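Have the model open as you read.

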Amino acid sequence: RECSPGQNEFYQAATEVFESLTPLLEEEEKYRDYAILERIVQPERTIIFRVTWIDDAGKIQTNLGYRVQFNSTLGPYKGGLRFHPTVNLGIIKFLGFEQIFKNALTGLGIGGGKGGSNFDPKGKSDAEVNRFCQAFMNELYRHIGTTRDVPAGDIGVGAREIGYLFGQYKLLTASFEGAMTGKGVGWGGSFGRREATGYGSVYFAEHILNSHGDELKGKTCCVSGAGNVAIYTIEKLKSMGATPVTCSDSRGTIHHPKGIDVKTLKAIKEVSRESLEKYAQLHPDATYIPIHKYPEGGHAVWSIPCDVAFPSATQNELTLVDAKNLVKNGCKLVNEGANMPTTPDALEYLRKHGVLFGPAKAANAGGVAVSQLEMAQNASMQRWSFAEVDTKLFGIMKSIFETADETAREFGHEGDLLMGANIAGFRRVADAMIDEGAV
Ligand code: NDP
């Protein structure tokens, strides 16, 4: 904290991981002997750069760009780019830190990193977004590459932004190589990458329920967010026979008791990029709840009764107020699609009341796992079918669940998937750090 003041989200993420590690650290002296904790909290490299671009009015605009190359012990840095006005170094460090353990949990050879900018793509023309992405890549390209660092998307960075970023990378390096993932399927992308985080999150929830003799089929589900993760969570829930009744954006929430219409949602959010208010205009049996009508200190999505909750928008979006509403309404499982969406006090309350919990670094690891499959396809110049990728994704999510579940049991905390995921991810990285010496 003394070295990096004011990085609250990063402290929150690091505290949660370190608290979970207590049983492992009590058993194993070697992690202390090799100064693993001291080393793992410091990024290997932090790049902060100015991004200058010209808006449609001809005015010069300046933003800040970040790439935190956190840990390359297991492979090239891998993690998304976030474009959102709230982005700062603390947010990128929290995301990069989480990414180290998430990537380790997949069992694949990828290190952890994250990046982004305080640029807000909302309300910008395609030409402005294109110019910003080119300016951002003018600096980033010298730090990334297929065996070095392979960025992908996150909040505010979807198919459009990846296209513009990749186009500029190609121009600057004069090579077509898989230095970014989330590319379009027509130009080096993998089938199933777009769907991977949402589908993977649903598969993870199904594995949790199955282990308790239950299933998603027939369940009422609440999903927050209306972006990449939320849309494909909703799509997969419907195909598995569950009813997702909500979605939300930064301005409001939709409650549609008969189930969210995925076609309408995609048209509004993926094509015309409008507010969710439009959804209620097209579906009069759905209700739109604007944010000024949300419960005090909470979110409208979590006050709607459900069996399973899928927070899939952003960090700290599910508060103690929300946790109390979920428990009151009989929610059985909270499965994190977003990164760190549950506040620490909310998590404690859910735990105390016996609500099952799918932690982000396990539940949303499907996206990065399929990104690695995209890297593998690029490197071998192959292309796998959607079904092939989806089958692999299902298997990876099952293996992540089993790893977290077995590790929790090994340390006498049966069912604590957060502890299991943190210990399993940490142990894989830490053991490799010992092997690789004092670097
Ligand atoms: P998108 O930009 O596609 O969607 C984000 C959604 O969340 C939008 O509906 C947005 O509303 C809403 N949102 C964002 N910030 C806020 C906020 N501060 N308050 C309220 N609503 C907000 O992002 P993704 O779906 O890709 O990412 C969602 C979460 O999932 C993030 O936590 C991300 O880190 C995590 N994640 C994403 C992965 C991926 O593959 N994309 C992989 C693993 C994790 P609006 O449209 O109004 O801005």
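Domain 1 and domain 2 bury about 950 Å² between them, and carbon and sulfur atoms account for 45% of that area. Keep in mind that this is a predicted model. The domain assignment puts domain 1 at 8-181 and domain 2 at 196-354, with their C-alpha centres 26 Å apart.

**Who touches whom**
- On the contact itself, domain 1 puts in 13 residues and domain 2 puts in 11 residues.
- Looking at the domain 1 side, Q12, F94 and R160 lose the most area to domain 2, and together they make up 42% of what that side buries.
- What you do get between domain 1 and domain 2 is 4 residue pairs in polar contact, counting pairs with both residues at pLDDT 80 or more.

**What the domain 1 side is made of**
- Helix 1 (8-20) and helix 5 (89-105) each bring at least two residues to the side of domain 1 that touches domain 2.
- Helix 5 gives the largest share of that side, with 4 residues.
- Sorted by class, the side of domain 1 that touches domain 2 comes out at 5 nonpolar, 1 polar and 7 charged residues.

**Aromatic pairs**
- The count for the structure is 21 aromatic pairs.
- Take F10 and F97: their ring centres sit 5.7 Å apart with the planes at 85°, and planes over 60 degrees apart count as edge-to-face, so that's what this pair is.
- F10 is in helix 1 and F97 is in helix 5, so the pair links parts that are 87 residues apart in sequence.

**Salt bridges**
- Side chains of opposite charge can pair when their charged atoms come close.
- The structure holds 24 salt bridges.
- One of them joins the side chains of R67 and D149, at 2.7 Å from N to O.
- R67 belongs to strand 2 (residues 60-71) and D149 to strand 5 (residues 149-152), so this pair ties together parts that are 82 residues apart in sequence.

Note on methods
Residues numbered from 1 in each chain as written. Predicted model: local features only at pLDDT ≥ 70, side-chain atom pairs only at ≥ 80, totals over all residues. Heavy atoms only, no water. Domains from an automatic or database assignment. Contact = heavy atoms within 4.5 Å. Buried area = accessible area lost by both parts, 1.4 Å probe. Polar contact = N/O pair within 3.5 Å; in protein donor to acceptor, adjacent residues only side chain to side chain. Nonpolar A, V, L, I, M, F, W, Y, C, P; charged D, E, K, R; others polar. Phe/Tyr/Trp six-rings, centres within 6.5 Å; stacked < 30°, edge-to-face > 60°. Salt bridge = Lys/Arg side-chain N within 4 Å of Asp/Glu carboxyl O.
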